[in-house]
Amino acid sequence: MSRNKRPESNSKKKIVIPIVVIALLFFGIGFGINYFKTNLFTVMKVPDFKLTDQNRRQITDKDMIGKVYLVEFFFSKCPTICPVMNSNMRFIEDQISDSNFGIISISIDPENDTPELLKQHAEKIGAKSPNWHFLTGDRAYIGNLADQFDIYVGDKEDESENLNHSGMIALVDKDGNVRCRYDEHNKPVLYYSGLNYGDPEGTNPQLNGKFHPDREKLITDIKKLLKE
């Protein structure tokens, strides 16, 4: 009798083991997909900075520890993407009612953007939070800072490129780490767009676009980091 049962027992093992392996495989895939959907990637430590805000206060990266904040590069006289970026920042400011949230807007035109002018600009766009700092300083220093963030700002010495910049925004957590979400291919996006788009997917940037996919992503991710 025992000789007849052994083959049957072995057959059951041969069936059960693949089922368990497949189940674990699907569990692992599900866990991995969920991880990329719910966790934020750590890009790098935020670069050290020390600049002057619209109230003539020295603001450093150390002052922002304990806060979740956004970093953008702009200038007040910019006629194209800066008003769009500022408008999206204002929208986010209204959606995130938290004293531990802040915004760092760094001017790439410091010769024009004095603290006094930046204060007027902050009032003009309706900035309300005491944690929204419009910063100015030495142009070469600011250009180097943009390089450290890996956010494009035109070369100061190149007249045609001097005031060019990207619409990218960095998201920084309470510990001073630049963070981001993963894209649909599970690769970190690194930065978020402050622009408007003509399509919900965010592939067609338009100054008057009705869609703001990254703005919505930022609101979600800011709230996530504020809870950490």
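Q: Let's start with R181. Leaving aside neighbours within four places in sequence, what is it in contact with?
A: R181 is in contact with L40, K187, P188, V189, Y192, K217, T220 and D221, once neighbours within four places in sequence are left aside. Keep in mind that this is a predicted model.

Q: Which of those has a polar contact with the R181 side chain?
A: D221 does: its side chain and that of R181 are joined by a polar contact of 2.9 Å.

Q: And where is R181 found?
A: R181 is in the loop between strand 8 and strand 9. Its relative accessibility is 22%, so R181 counts as partly exposed.

Q: How far is R181 from T42, in sequence and in space?
A: R181 and T42 are 139 residues apart in sequence, but their C-alpha atoms are 8.9 Å apart in space.

Q: Switching to rings. How many aromatic pairs does the structure hold?
A: Four. One of them is F41 with Y182, an edge-to-face pair at 6.0 Å centre to centre, with 70 degrees between the planes.

Q: Why does the F41 and Y182 pair tie together parts apart in sequence?
A: Because F41 lies in strand 1 (residues 41-45), while Y182 is in the loop between strand 8 (177-180) and strand 9 (192-193), so the pair links parts that are 141 residues apart in sequence.

Q: Is Y182 buried or exposed?
A: Y182 is buried, with a relative accessible area of 14%. F41 counts as partly exposed, at 29% relative accessibility.

Q: What about the rings of F73 and F149?
A: Their centres are 6.1 Å apart and their planes sit at 75 degrees, so that pair is edge-to-face. F73 belongs to strand 4 (residues 68-74) and F149 to helix 4 (residues 139-149), so the pair ties together parts 76 residues apart in sequence. F73 and F149 are both buried.

Q: What else does F149 touch?
A: Not counting residues up to four places away in sequence, F149 touches M44, V46, P47, V71, F73, A170, V178 and Y191.

Q: Which residues have the most contacts inside the largest nonpolar core?
A: L70, V71, F73, I104, I106, F149 and I222, in a core of 51 residues. Strand 4 gives the largest share of this core, with six residues. In soluble globular proteins, nonpolar side chains tend to be buried together.

Q: New topic: helix 3. Which residues are buried there?
A: In helix 3 (residues 115-125), the buried ones include P115, L118, H121 and A122. Down the helix axis, the buried residues fall within an arc of 115 degrees, so they line one face of helix 3.

Q: What covers the buried residues of helix 3?
A: The cover includes strand 2 (50-52), strand 4, helix 2 (81-95) and strand 6 (132-135).

Q: And what does the face turned away carry?
A: The exposed residues Q120, E123 and K124 are on that face of helix 3.

Q: What comes just after helix 3?
A: G126, which takes a positive phi of about 85 degrees. S129 is in the loop between helix 3 and strand 6, and S129 counts as partly exposed at 24% relative accessibility.

Q: What does S129 touch, not counting residues up to four places away in sequence?
A: E93 and F101. E93 is 36 residues from S129 in sequence, yet the two are 7.6 Å apart in space, C-alpha to C-alpha.

Conventions. Residues are numbered from 1 along each chain as its sequence is written. This is a predicted model: local features need pLDDT of at least 70, side-chain atom pairs count only at pLDDT 80 or more; totals for chains, interfaces and linings use all residues. Side-chain values use heavy atoms; hydrogens and water are left out. Rings of Phe, Tyr and Trp (its six-membered ring) pair if their centres lie within 6.5 Å; planes under 30 degrees apart count as stacked, over 60 as edge-to-face and the rest as tilted. Helices (H or I, at least four residues) and strands (E, at least two) are DSSP runs, numbered from the N terminus. Buried means under 20% relative accessible area, exposed over 50%, partly exposed in between (1.4 Å probe, protein chains only). A nonpolar core is a set of buried Ala, Val, Leu, Ile, Met, Phe, Trp, Tyr and Cys residues joined through side-chain atoms within 4.5 Å. Contact means heavy atoms within 4.5 Å. A polar contact is a pair of N or O atoms within 3.5 Å; within protein, one must be able to donate a hydrogen and the other to accept it, and residues adjacent in sequence count only if both atoms are side-chain atoms. The arc is that of the directions from the helix axis to the C-beta atoms.
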